[in-house]
Amino acid sequence: MKKFLALAPFLLFAVAACGDDDDGDPGPSGSETPLATGTAQSEAFDPDAELTIYSGRREPLFQPIVELFEEETSIDVSVKYGSTTELGAALIEEQGNPQADLFVGTDAASAEELRDLGVFAPFDSPALEAIDARYRADDGSWVGVSGRARVIMYNTELVEEEELPVPESVLDLVDGEYEGEVAIPSTLNSSFTAWVSALRQFLGDDEAESYLEGLQDNDVLVLRDHTEVRQAVGRGEVAFGLVNHYYYQLEKEEGSPVGVIYPDQGDDQMGVLVNVAAASIVNEAGNREAAEMFMEFLLSEEAQEIFAATNFEYPLIEGVETRADVPLGEFKEFDVDLAELGRMNEETLDLLDRLGL
């Protein structure tokens, strides 16, 4: 807890500047599909009570979902937008007197850290059955609402087609032939930090540290955020960038000459890390029933379609199509416990700090 709070002021500047993982989205989809929530309203339910949400997802991504929920339920929703780190620190400080009913953050690791601190309440609903158990906490205290894959994007004018799929592994990026040709986001970015924790799981701490040192020795270009990485690749400033899959999609949609590699697909390789944006009900929430309704709505086809349409994210329920070039399920995923990434986060931050990243 002290670590989370001590980092918050510093991370607020750095992460707010890069927009967590949600910068660069193309805007709302304008979906007009009617809402069909599964929560029955009790006699004690107060439809005039305002639902308060803290959102680490940026407003252009999240507000269309809020507006559709308000339209279909007549429940007023107030949203406080900020970085996942900033809002998580606020939730910790507000324990015992919560000001928010629901929290939506940008990665599972942060959600698990806050769950361990008692910030979130368990959530049980038939709607959870639509979400694979890999993408939610066992007690429903955080639930994935959209997915993102960690991929390598490349500039098609700098990388010859016959060279592909090289590099076929993220571990290849330390090879001398890629010196000065790889960009990564700041390691203050939550999804990048989670990926480093996944490397620690797969390689062990010593090999993971050696790999990170190898990236540094290979003159890896560390940029402020994912948007800067995708744009650097799109402009041809570097040949390769390590990003979430939708940043490649956004750069491609803007007309840049870019392609994508889903790395580490061999039998003895780690696969691609799939992380999730996660939603949680705040412990002792003042408007619990409305919060449960909103949680169920986030897991509905209507909301999943908005996430897929606005930002190329992976919907996590069956029957909703993705806009991504490579759908979820068509590539090997890293077999990881996302909750464990949260428990590893503090040591990962210590490692990155020790390495000067």
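## Close-up views of a predicted model

**View 1. Helix 3 is largely enclosed by the rest of the structure, because 8 of its 10 residues are buried.** The model shown here and in the views below is predicted. The buried residues of helix 3 are T84, T85, L87, G88, A89, A90, L91 and I92. T84 lies in this helix, which spans residues 84–93. With a relative accessible area of 2%, T84 falls under the 20% limit and is therefore buried. The side chain of T84 also makes a polar contact of 2.9 Å with the side chain of T106.

**View 2. R57 and E313 are joined by a salt bridge between their side chains.** The N to O distance is 3.1 Å. This pair links distant parts of the chain, 256 residues apart. R57 sits in the loop between strand 1 (51–55) and helix 2 (59–73), and E313 sits in the loop between helix 10 (301–311) and helix 11 (338–354). Both R57 and E313 are buried.

**View 3. E112 forms a salt bridge with R343.** The closest N and O atoms of the two residues are 3.1 Å apart. The pair links distant parts of the chain: E112 belongs to helix 4 (residues 108–116) and R343 to helix 11, 231 residues apart. E112 is buried, at 1% relative accessible area, whereas R343 is partly exposed, at 41%.

**View 4. R134 forms a salt bridge with E333.** Here the closest N and O atoms are 3.4 Å apart. R134 has a relative accessible area of 41% and counts as partly exposed; E333, at 17%, counts as buried.

**View 5. E112, R115, D116, D337, E340 and R343 form one network.** These residues are joined by salt bridges that share partners. The network includes E112 and R343, the pair whose closest N and O atoms are 3.1 Å apart. The count for the model comes to 20 salt bridges.

**View 6. A patch of negative charge on the surface gathers E160, E161, E162, E163, D175 and E177.** One of these residues, E177, is found in the loop between strand 5 (143–155) and strand 6 (182–185). E177 has a relative accessibility of 58%, over the 50% limit, and so counts as exposed.

**View 7. L158 and G236 are separated by 7.1 Å, C-alpha to C-alpha.** Along the chain the two residues are 78 residues apart. L158 lies in the loop between strand 5 and strand 6. At 44% relative accessibility, L158 counts as partly exposed.

**View 8. G234 and Y154 have C-alpha atoms 7.9 Å apart in space.** In sequence G234 and Y154 are 80 residues apart. G234 is placed in helix 7 (residues 226–235). G234 counts as buried, with a relative accessibility of 11%.

Note on methods
Residues numbered from 1 in each chain as written. Predicted model: local features only at pLDDT ≥ 70, side-chain atom pairs only at ≥ 80, totals over all residues. Heavy atoms only, no water. Patch = residues over 30% accessible without salt bridge, like charges linked within 9 Å, V, L, I, M, F, W, Y side chains within 5 Å. Areas by Shrake-Rupley, 256 points an atom, 1.4 Å probe, with all protein chains shown as cover. Salt bridge = Lys/Arg side-chain N within 4 Å of Asp/Glu carboxyl O. Lys, Arg positive; Asp, Glu negative; His and termini not counted. Charge placed at Lys NZ, Arg CZ, Asp CG, Glu CD. Helix = DSSP H or I, 4+ residues; strand = E, 2+ residues; numbered from the N terminus. Buried < 20%, exposed > 50% of the residue type's maximum accessible area, 1.4 Å probe, protein only. Polar contact = N/O pair within 3.5 Å; in protein donor to acceptor, adjacent residues only side chain to side chain.
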